[in-house]
Amino acid sequence: MSTNRSALNLPLSAPANLTWEITRECNLNCRHCLSSSGQETPGELNLEECLAIADQLATVRVFEINFGGGEPLLKSFFLPLLDYIHRRGIVTCISTNGTVLTDEAVDFFTDNPLINIQVSLDGATPEVNDMIRGQGTFYRIINGVERLAGRNISLSINTVVTSLNFGQLGQLKELAQSLGARLRVSRFRPSGRAKDVWERLRLNSSQIQELAVWLNQDHSILTGDSFFPITSEDRKELGLNMCGACKLTCCIDPFGSVYPCAFLQEPEFCAGSLKERSFKEIWDGAPVFHNFRKLEPASCRQCPRFDTCHGGCPAVAYFIRKDLDSPDPECLINYEMVTASGVL
Amino acid sequence: MRGILTDMIYRLAKGVQVRKEDWGLLFYSQAESKIYFVKSGDRLHPLSSDGTFQSDSICCNEADAARISSEHSVKNLITYLMERDILVNEP
């Protein structure tokens with residue numbers, strides 16, 4: 001979602017959108033999974049609990065829910081839950097690995113105006129993609145995209161940009177277009193399993209700068225909320241250009257706990273449980289959220305880009321420096337300052 | 001004093017939702033995946049039960065001088081929202 005910095009000072013009665021990780025279960029074992037997904041975990045919300053949460057989100061007029069996981073389509077009641085949410089007028093975006101699409105799911109998505117599908121693909125060739133998502137996944141994912149294409153579904157391919165696939169971004173865009181999809185790129189963040197491969201797969205400074213130039217030259221590439229630390233002024237209307245955690249968005253995990261965002265699902269950032277409190281109570285009153293809304297890295301305030309990025313991504317800053325009150329380490333300006341001082 | 005607003009009727013464009021906040025209206029455009037913060041206070045709201053509103057009914061309770069100023073603001077606001085496909089004219 002896009003907006004502008006001054007608007008984020010206006011308090012919202014509820015998030016405009018939120019991420020709902022509906023399950024930890026996944027049939028893949030991607031190296032960079034932000035949720036460390038694998039097996040379904042005991043204690044995940046059942047359908048009745050999910051419907052009650054959906055009712056609360058509809059009451060406070062959340063506009064859009066971005067479903068992820070794990071793999072959402074592995075949740076047995078996922079389609080009925082989607083249908084229930086759509087009947088309340090909420091738009092949904094589903095992040096799927098594309099390998100477990102049933103005929104029922106494809107039919108459900110076809111011609112559905114309230115559905116956006118993002119299929120994850122991390123390379124334009126099997127050699128690159130499968131290094132991240134697992135042996136043999138490339139062709140299974142492409143098959144999934146082909147099953148969704150041409151069915152009047154808002155469709156995009158989502159790539160987490162790493163040092164492995166950085167050289168294939170142009171090919172990925174062409175591949176997406178050939179399949180009738182748009183390309184969306186996401187930022188690699190050291191959350192979940194990604195912490196273990198962060199140093200190996202992160203972009204270096206020159207790659208970050210090259211990525212900034214590429215994104216700023218091609219406004220057809222979707223970025224969601226990912227790359228605001230490097231976004232140019234003329235691109236800032238195309239995607240969320242600052243951290244919207246606790247202001248525009250938040251995250252619900254498979255167990256009903258609420259967090260500032262999907263990348264900060266750590267115990268110290270848990271704002272509350274929907275099994276114990278209402279969503280509105282958590283959104284309005286959680287101390288974690290109040291603190292996040294005041295977050296403003298002191299070292300960033302004098303930066304000429306502060307009004308553009310407002311300190312960058314707190315999740316990346318926290319996992320690298322264990323300090324929310326520190327600037328985004330991958331901000332273009334900060335990278336030069338920190339490497340010069342030898343901290344990184 | 002004669003107002004500047006016409007009897008135009010407006011409604012939300014397809015794929016657009018709106019929510020009332022204390023400071024005004026928050027619009028959501030699904031097609032653009034964009035939200036618009038409109039600091040309109042209590043103007044342009046509530047929409048009537050059929051999802052429309054008439055511009056000349058917005059300021060009818062204000063004194064003439066304030067009404068003209070308000071009408072200018074509302075007219076500019078409506079124009080801004082129509083240019084961005086947030087509002088459409090009712091035929």
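Analyst: Before reading this predicted model, keep in mind that an angle of 65 to 115 degrees between two axes counts as roughly perpendicular.

User: How are helix α4 (residues 126–133) and helix α5 (residues 137–148) of chain A oriented, and at what angle do their axes cross?

Analyst: Two packed helices are described by the angle and the distance between their axes. In chain A, the axes of α4 and α5 come within 8 Å and cross at roughly 100°, and α4(A) and α5(A) are therefore roughly perpendicular to each other.

User: Which residues make the contact between α4(A) and α5(A)?

Analyst: From α4(A) come A:P126, A:N129, A:D130 and A:R133, while α5(A) supplies A:T137, A:F138, A:Y139 and A:I141; by class, four of the contact residues are nonpolar, two polar and two charged.

User: In α6(A), which residues are buried, and which are exposed?

Analyst: In helix α6 (residues 169–178) of chain A, the buried residues are A:L169, A:L172, A:L175 and A:A176, and because they cover an arc of only 115° around the axis, they lie on the same side of α6(A). A:E174 and A:S178 are exposed on the other side, whereas the cover over the buried residues includes α5, β5 (154–161), β6 (182–187) and α8 (205–217) of chain A.

User: In what order do the three strands of the open sheet in chain B run?

Analyst: Strands of a sheet pair through backbone hydrogen bonds, either parallel or antiparallel. In chain B the order is β2-β3-β4 with antiparallel pairing, and the edge strands, β2 (16–21) and β4 (34–38), each pair on one side only. Five bridges join β3 (residues 24–29) to β4(B), and B:Y28 has B:I35 as its bridge partner in β4(B).

Terms used. Residues are numbered from 1 along each chain as its sequence is written. Chains are lettered from A and ligands numbered from 1 in the order in which they are written. This is a predicted model: local features need pLDDT of at least 70, side-chain atom pairs count only at pLDDT 80 or more; totals for chains, interfaces and linings use all residues. Side-chain values use heavy atoms; hydrogens and water are left out. Axes are lines fitted to C-alpha atoms, for helices over the stretch in contact, and angles run from 0 to 180 degrees between N-to-C directions. Helices (H or I, at least four residues) and strands (E, at least two) are DSSP runs, numbered from the N terminus. Angles under 35 degrees count as roughly parallel, over 145 as roughly antiparallel, 65 to 115 as roughly perpendicular and the rest as oblique. Contact means heavy atoms within 4.5 Å. Ala, Val, Leu, Ile, Met, Phe, Trp, Tyr, Cys and Pro count as nonpolar, Asp, Glu, Lys and Arg as charged, and the others, Gly among them, as polar. Two strands pair if DSSP finds at least two bridges between them. Buried means under 20% relative accessible area, exposed over 50%, partly exposed in between (1.4 Å probe, protein chains only). The arc is that of the directions from the helix axis to the C-beta atoms.
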